[in-house]
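Thanks for asking me to look this one over. Here are my notes, point by point, to read alongside the model.

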Amino acid sequence: MFKNNLKIAWRNLLKSKTYSFINIAGLAAGMAVAMIIGLWISDELSANRLFKNYDSIYQVMMHQTFDGKRGTQTALPYPLGEELKAKYPDMKYVAMCDWGQNHSLVYGDKKISKYGHYIGEDAVNMFSLNILSGDKNPLHDPRSIVLTEETAKALFPNGNPLNKIVRLDNTVDLKVTAVVSKLPKNASLSFDYLIPFQLQEMIYTWVKQYHKTNWGNNSWQIYVQLNDHATEKSVDAKIKNVVISHFTDVNTLKSVKPEVFIHPMSKWRLYGDFENAVNTGGFIKYVKMFGILGLVVLLIACINFMNLSTARSEKRAKEVGVRKAVGSDRGQLIRQFLSESLFISFLAFLFALGIVALTLPYFNRLTEKEMSLQLGSPLYWIIMIAFTLLTGLLAGSYPAFYLSSFNPVNTLKGNLNIGRSDALPRKILLVLQFASSVILMIGTTIIYQEIQFGKNRPIGFDNRGLISVDWSDDISKNYEALRADLLSSGAVVSVCQSNSPPSDIYSNNNGWEWKNSQPVEKTVIFSTIATAYDYTKTIGIKLIAGRDFSRDYADSNSVILNQAAVKRMGIKNPVGEPLRWNDKPMTVIGVIPDIQMESPFRPISPLTIIFNKEWVGFVNVRMNPKMSASDALKRIQPIFDKYNPAFPFIYRFADIEYAKKFNYEELVGSLAAIIAVIAIFISCLGLFGLASFTAEQRVKEIGVRKVLGASVISLWQLLSKDFVKLVLISCFIAVPVAYYFMDEWLKDYKYKINIGAGVFIMVIALSIIITLITVSFQAIRAATANPTRSLRSE
C-alpha cells in the first residue's frame, strides 16, 4: 500500500508540474529558513556548554547606586578576589581576570599581536581547558604563558613551543608552559593566550601601589566555581556585604550600597541585562523572536501547500469518488493524501538541505559564527527526519481531511459544488500568510530607519582620517621623539595620547563636587578621558568655550567638560569654575560639545577630560587630509617601527571603529530582511499558484465576457481585484500588530525614531504592487487568450 501511494504521489507530481514546483519550492524555502534559524538558536543555547563545570561556574557581579539609579556591573575591586579565595570555602576555585587586550608576542624574528588575558591560575581547571601539551597547572609560575594551538603555530611554525621563551610587550620574558585548544566563538571566554594574573603586580607598579588594597576602584573581573554542596542562593547571602564591609566613608556607604552576588554561566550570554538590580533578560529576546519568525516562515510555506491542494480539489474529486465507490474508507484516503504530502515534504527537505549547505558560509560570516551541518551525527538525522515528518503532516493534514470528506455520489455525477464557504478557509489562510509577510516588511523597514537615525546623529568630532595605535612601554619612553617625527613626516597634522580610543570611553568615575552640590551627588558618574596636549585638535573637536590643555600652562589640576556635564552640574559660566575631584582641587578650563563616542542609541553621558600623562592606552594620529590614507600610512609605519620595534604596526580607523557600534542592530536588521524577503517570495509563489488556478477555473466565463466585448483591462481588473482585497485586509491586520511589536522593540533605545504613518503607507503600497505583479501574469494571460478555444465545447 505504501509503495502504491508513493507511485500515485509521483504521478500526480508529474501530472501538475507547475503546482508541484510551487509546492516543493515554497516548502524548501520555508524549511531552509527554519533549519538555518534552528542551527543559529542551537548555537546560542549551547554557548559555554563545552565547559565541564558549566553548572557550577559563576561570574561575581555587583549592584551599586549612583545618582539615585541602581545599576549592575561586572567590574570589581582588586582585593575582592583574594578575600573570596581566603574566606569563603564554598568556592572551589577563584580566578581574577582583566578585560583583555592585544599584546605583542616576540620569538626570534617572529613578531605578532594577539588578544589575551591576565587571569588567575585556577582558570585552567575551572574552565576545563583542553591542554594539548605541557604542564597541567600551567599558570602557577608568574613568568609563564599559555598559548592556543593557533598562536603556537604562528610563533613556532616548525618547532615545539614548550619551554621556549616569548617576550611580552618587549618588557618581560615568559616561558611557554602549555598549549591549549582554542575555544569556539560562542564561548564567553575568548583568548589567544593567557598570562598569570599575579604577573601584573610584578611588572606594573601602579597595580601594587594603587589597586592591591583599593576597595573603591572597580577595574577587574572575577570568576568562581562553587563546591558541590554550595548553592547560588546561599553564596549570595554570604558575600552580599563583602565590599560594603570595607567602606569607611559613611556617606558613600549609605548612598552607593554595593551588593555583591554571583551570576551563573548558564545566563551569561542570553540573560545579561539588569535593570534596577533585577535580571531582565538580554539576547534571549532575539533568540525567541527569530525562533518565532522561523516558524512563521515555515507556516507560510505550509499554507501554500494547503491552499493549492484544496483549490485543486475539483481535479481530484472523481478520484476520491472512484476510490470510495470501490471500497476505500476515509481513513485510507487520509493516509494516501498524507503520504503524498510527506513525499513532497521529503523532496522539499532534500532541496532545503542543499540551500542550507550553499548559504551557511554566508550566514556564518554575517553572524560571525562557526556553524555547520552535523551530517555525521545520528541525533541530527533523527531531528531532521522528525522535522520533515512534522512539516509534511502540518502541510498535508487539512487537505487530507478536506479531500477525503467528498461525497462519492456527488463527485461521480459531477455535482460537486465548491462555493464561497469552501473558498473561505483558503482566503483566511491567504490573509494570515500575507499579514505575516507585511509584519516582517514593516519590522525590517523600522529597524533600517532606526539604524540610519543613529548613523545620522551628530557625533561632535571629525572621525575621518583619524587612527589610533595601542600604547606600549617603548612608546612611553620615546613618545616625544615619535610625535616629533610623525609631525615632520608631512603625513600627520596632529598627535595626542589618551586612555581610550576616539571611538570609545573606557573609564567612568565619581567623586566630583561643584558649587552648591549635595553630598549624595558625589556618587554621580562622569565618563572620563585622560589625555595630555592637543587632544581637541587631534580628535577634531571644536571648543565651545575656553581652551585645550597647553604647554604654556600648568594643567595638572585642569579639567574640560562637555555640555552634558555642565548641565548636570548646573554651572552657568563654567570656564574658571572651581571643582573638586576626590578632594583634589580642579579648575574648568574649557567646554566642548557633546561628543558621541559610546552607543549612538543612548543619551550622551556627562564627560570630564583630565590632564594625566601617566594614564594612557593609545596614541591618536590625525593624518594630513591633503594626502591619501595609503600614502600617509606608508610614511607613518616606519616611524612606529623605529620607536615601537617589538610591536607590529596595527592601527584602527576611528570612523570604521565607530561604524562597528551598529553591528548588533545591523545583524538583527539583516536577518529580519532576509526572512522578510523569503516570506514574501513564498507568499508570492502561493499567490501565483492561486491566480493560475482561478484563471483556469474561470476560463469559460472569461471567454463569454470577451465575446460580449469585455476589454483586456476590465478582465485583468476582474481577476485581480479579489486578491488585492485580500491583501488589503492582510495589511489592515498587520499594521497594528507590527506597530505594537516594533514600539516594544524601540523601548530598548533612548535615542530612537518615532514610528510615523509613512512606513505603513509605503509597505501597503509595496504589498499591492507585489500582488498586482504576481497576479497580472496569469490575469493578462487569461484575458488575452482566444475565447474560441475555451468555448468550442459549448
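1. Let me begin with a lysine: Lys 369 has a relative accessible area of 8% and therefore counts as buried. The classes used here are buried for under 20% relative accessible area, exposed for over 50%, and partly exposed in between, with a 1.4 Å probe and protein chains only. Before going on, please note that this is a predicted model, in which local features need pLDDT of at least 70 and side-chain atom pairs count only at pLDDT 80 or more, while totals for chains, interfaces and linings use all residues. Residues are numbered from 1 along each chain as its sequence is written, and side-chain values use heavy atoms, with hydrogens and water left out.

2. What does Lys 369 form a salt bridge with? The partner is Asp 43, and the closest N and O atoms are 2.7 Å apart. (A salt bridge here is a side-chain nitrogen of Lys or Arg within 4 Å of a carboxyl oxygen of Asp or Glu.) This pair links distant parts of the chain, 326 residues apart: Asp 43 is in helix H2 (residues 17-45), and Lys 369 is in the loop between helix H12 (330-367) and helix H13 (378-403). Helices (H or I, at least four residues) and strands (E, at least two) are DSSP runs, numbered from the N terminus. Asp 43 is buried too, at 14% relative accessibility.

3. Another salt bridge joins the side chains of Lys 455 and Glu 666, at 2.6 Å from N to O. Lys 455 is in helix H15 and Glu 666 in helix H21 (residues 663-697), so you will find distant parts of the chain linked here, 211 residues apart. Lys 455 is partly exposed, with a relative accessible area of 38%, and Glu 666 is partly exposed at 27%.

4. Glu 744 and Lys 747 also meet in a salt bridge, at 2.8 Å from N to O. Both ends are partly exposed: Glu 744 has 34% relative accessibility, and Lys 747 has a relative accessible area of 46%.

5. Now for the second largest pocket, which has a volume of about 760 Å³. Of its 24 lining residues, Met 289, Leu 293, Phe 741, Met 742 and Trp 745 are the closest to the centre. Helix H10 (284-311), helix H15 (420-455) and helix H23 (712-746) are the elements that give two or more residues to this lining, and H15 has the largest share, with 8 residues. On a 1 Å grid over the protein atoms alone, a pocket is an open set of points with protein on both sides within 12 Å along at least five of seven lines, a cavity is a set of points where a 1.4 Å probe fits but cannot get out, and lining residues have an atom within 4 Å of a point. Grid points are joined across faces, edges and corners, and a volume is the space filled by probe spheres set on the points.

6. Is Trp 745 buried or exposed? Trp 745 is buried, with a relative accessible area of 9%. This tryptophan lies in helix H23, and its C-alpha atom is separated by 9.2 Å from that of Ile 447, 298 residues apart along the chain.

7. Residues that line the largest cavity include Asn 102, Ser 113, Asp 470, Phe 640 and Arg 652. Strand S16 (466-470) and helix H19 (629-643) each supply at least two residues of this lining.

8. Finally, two asparagines to look at in the backbone. Asn 163 has a positive phi of about 70° although it is not a glycine, and Asn 163 is found in the loop between helix H5 (149-155) and strand S9 (165-168). Asn 276 has a positive phi of about 55° and lies in the loop between strand S14 (273-275) and strand S15 (278-281). Asn 163 is exposed, with a relative accessible area of 55%, and Asn 276 is exposed with 53%.
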